[in-house]
Amino acid sequence: MTVHTDRIAQRSRGRGLGRRVVASLLYSLGLPFLLLVVWGLTATSSTNRFFPGPLTILEAFRETWIGPAFVDDVLPSLYRLALGIAASIVIGVAVGTLIGLFHWLRELLEPLLEFFRAIPPPVLIPVMMLLLGITDTMKVVVIVSGAVWPILLNTIDGVRATDSVMSETADSFQITWWERLRFLVLPAASPRIMTGVRQGLSVALILMVISEMFASSAGLGYRIAYFQRNYLIAEMWSGILLLGLVGVLLAATFGVVERRVLRWYHGIREVNRA
Amino acid sequence: MHVLSIRRPRSLRKVVLGVVGLTGFLVVWQLIPTLGLINSQYLPYVTDVLARLAEEFRDLAFWRRLGHTMTSWAIGLAVATAAAVVLGTIVGLVPVLRRATHTVVEFLRPIPSVALIPLAVLLFGIRMQAALLIIIYASFWQVFVQVIYGVADVDSVARDTARSFGLTRRERLSYLVLPTALPYLMTGIRLAAAVALILAITAEMVIGNPGLGRMIELSRSAGDAVGLYALVVVTGLLGLLVNLVFRFIERRSLSWHQSVRGEEVL
Amino acid sequence: MPDRNTLLRVEHLRKVYESANGDVEAIGDISFTMRSGELVCIVGPSGCGKTTLLKCLAGLLRPTSGLVEMDGQPVTGPSPAMAVVFQEYGRSLYPWLTVRGNVELPLRHKRLSRAARDKLVTDAIDAVGLAHAARSHPWQLSGGMQQRVAIARAIAYQPEVLIMDEPFAAVDAQTRADLEDLVRELHTTRGISVLFVTHDIDESVYLGERVLVLSASPTWVQEDLAVDLPVERDQIGTRALPRFTELRTHVYDQIQRAKRGQTVAP
């Protein structure tokens, strides 16, 4: 499709493809495999009951999470997480764009935004519990109240930094306000927005877990804390594993979306590097 | 001269607008319970919160709690940074290691550190070590990833230049790798400092080791809304302070390097 | 040529930049007219306010005093009768849009049918010889090709006058010659009026039907020179003509005098 990427692709498509695939598989799976083996051996030989072997954890994982617990605990957590993230992105980008576009608004709100960003998000959980009670809404609001800041602040920076020649081009062709937003301001800010979203995602996940550990009788965070209190060690580890999987999955999904949205951005960097 | 004289009225305007914004916020906060939009039991008057804040500042117990929080923050940040610098430099400099550790890093890094809270409690109970485990785990990755980027970012022309002039390995390390990686390291430490503070307070809230976080949880369960809000403000101020100090250090040590780095570091 | 009516009229244009330690007079007093279908080049010593003049003409900058009239109407802001081609093609084209998307963007708010719009876009891209690259992104193209995209975008907009701000200053010499011929071709075959700002004396004589020589800042029009070269021009033949050499020597002398400030304002 394109001039540069074709050339790059052709170069790497050369000979020795099979050997390279094997090598990269070895590289990417070798160390994880090795670590698991070492862990398994130490777990069977030691008497520390806080560190069960990987096979025990896997067994517990299957028994604990595959079945009704998935529907009762995992899905509602993920649903709240998704809702919180979506709301954070919408609010963060919309408000951030507005603040970024108006100089005076930015100066008016800057000290406040700096302060709110600096509040450690989990301390908002007790505040939200006070204001909204222990409800699902509270948990979603908690996620938003923490995850929205990185998105908001990065959007402001991105919108503010719109290139002057690009703006003049839009002016000279009398592009409408809406077109300007859609074709200039938002795309130009998108690398920064995506940076903010990435930071927001990890905050959101943390808040999902904590809000459930804190104030809940169901959900992933609650379950893990429950297993720990009842000394169900392997089950607790399986919960940590599941949270890890959620984190990895979230990061991977973000990676795919980011590569799509910022294809032009990565393209430019690739061209500049070549 | 020229720049300064233009900037002065603008920065004055900025300060005035910022103060107006802050005052406006406080007034709105005060008005909400006054007008009965939210019961003052849930959103106390801002005047009460500020009064409590002044009270806390005169209370030795408050400073002791703050001391606990900042101690675990400082120890956690220091340990995480040291470990991340050593491991990051080794992994970053050896391409084989970088490829081999990639999968493990990409799996471990997104695990939310708070998922380890139950494990930490099992291992250490409600002592500070439990909090440290969480703090170190979370802030380690911030620094580690930046160090790997930084070490790998050495300009190829600069590297060839160094080689062609026959610089020794040690010279290359101190004149080429270190200056290149330093800005990344400072960025990593700044991010880690913020993350460490968040987790220090979170751990206290959830685990219950002494500190500001535990006090927040106690205020909540005692229904002391004024105290709760006052402590939230304290944590915000603390976060602000940490951000400002570390941003200042970062900028101070790297004024020469800002333009080179661009924004993609974050 | 009395049959050509006046397209652009500039009268006593003056632009003063205000700053805290004294005003800077960028443009002193510029007056000239341009007829429909003309190709006028503006040259001047560096720093003589060429870009300021152009921004005032295009309605991107408000002059301190004086008048800019387009078709008898005063210009107060950007007008659909003008399209600007900027020097910084890399920043004037939007990297997230394809070549086609870039050319199409200014047409979106014009009341055109989908088919008419597509035709205009295709036609403009063909005219600059980029039909094969319509689906590429600008950053995948060379600098010269990117500037062709900017030209295509400007002509698809169907302005009455094309305003070009040192458009070829950032491309290499061979590409530059090709682009100059493209401008000549668009001018002769399509009858597009062009106002071409450059600092290159040869380029101004080769391209223009008239050359306006500007003085040093504060700027006025030092000379309005008619270029009596044949309409059909080519890089080798035209540049070898004795008349071409005479004209460029003349303009060169004028600019040297302008730099030394040896001329007096009218």
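Tutor: Start with the sheet in chain C. This is a predicted model. The sheet is open, has ten strands and mixed pairing, and runs in the order β5-β4-β1-β2-β10-β9-β3-β8-β7-β6 (chain C).

Student: What makes β5 and β6 of chain C edge strands?

Tutor: Each of them, β5 (73-74) and β6 (82-85) of chain C, pairs on one side only.

Student: How do you know that β4(C) and β5(C) pair?

Tutor: Pairing takes at least two bridges between the strands. Strand β4 (residues 65-70) of chain C is joined to β5(C) by two bridges, so the pair qualifies. The two strands run antiparallel. Met70(C) stands opposite Gln73(C) in β5(C).

Student: Now Arg9(C). Where is its place?

Tutor: Arg9(C) is in strand β1 (residues 6-17) of chain C.

Student: Why is Arg9(C) called partly exposed?

Tutor: Count the other C-beta atoms within 10 Å. Buried needs 20 or more, and exposed needs 12 or fewer. Arg9(C) has 17, so it falls in between and is partly exposed.

Student: What makes Thr33(C) and Glu69(C) contacts of Arg9(C)?

Tutor: A contact needs C-beta atoms within 7 Å. Leaving aside neighbours within four places in sequence, Arg9(C) is in contact with Thr33(C) and Glu69(C). Their C-beta atoms therefore lie within 7 Å of that of Arg9(C). As for Ser31(C), its C-alpha atom is 7.7 Å from that of Arg9(C), and the two residues are 22 apart along the chain.

Student: How do you know how chain A stands against a compact globule?

Tutor: A compact globule of 274 residues would have one near 19 Å, but chain A has 24 Å. The C-alpha trace of chain A spans about 75 × 65 × 30 Å along its principal axes. Buried residues make up 42% of the 274 residues.

Student: What are the domains of chain A?

Tutor: The assignment gives domain 1 (3-45) and domain 2 (54-273). Their centres, taken over C-alpha atoms, are separated by 31 Å.

Student: Which residues of chain A does UniProt list under "transmembrane region"?

Tutor: The unreviewed entry lists several stretches, including 115-134 and 201-224. In the model, residues 115-134 of chain A are 65% helix and 0% strand, with end C-alpha atoms 26 Å apart. Residues 201-224 of chain A are 79% helix and 0% strand, with end C-alpha atoms 21 Å apart.

Notes
Residues are numbered from 1 along each chain as its sequence is written. Chains are lettered from A and ligands numbered from 1 in the order in which they are written. This is a predicted model: local features need pLDDT of at least 70, side-chain atom pairs count only at pLDDT 80 or more; totals for chains, interfaces and linings use all residues. UniProt positions are given in the numbering used here, feature names are shortened, and annotations may be inferred rather than shown by experiment. Helices (H or I, at least four residues) and strands (E, at least two) are DSSP runs, numbered from the N terminus. Two residues are in contact if their C-beta atoms, placed from the backbone, lie within 7 Å. Domain bounds come from an automatic or database domain assignment. The radius of gyration is taken over C-alpha atoms; the globule rule is 2.2 Å times the number of residues to the power 0.38.
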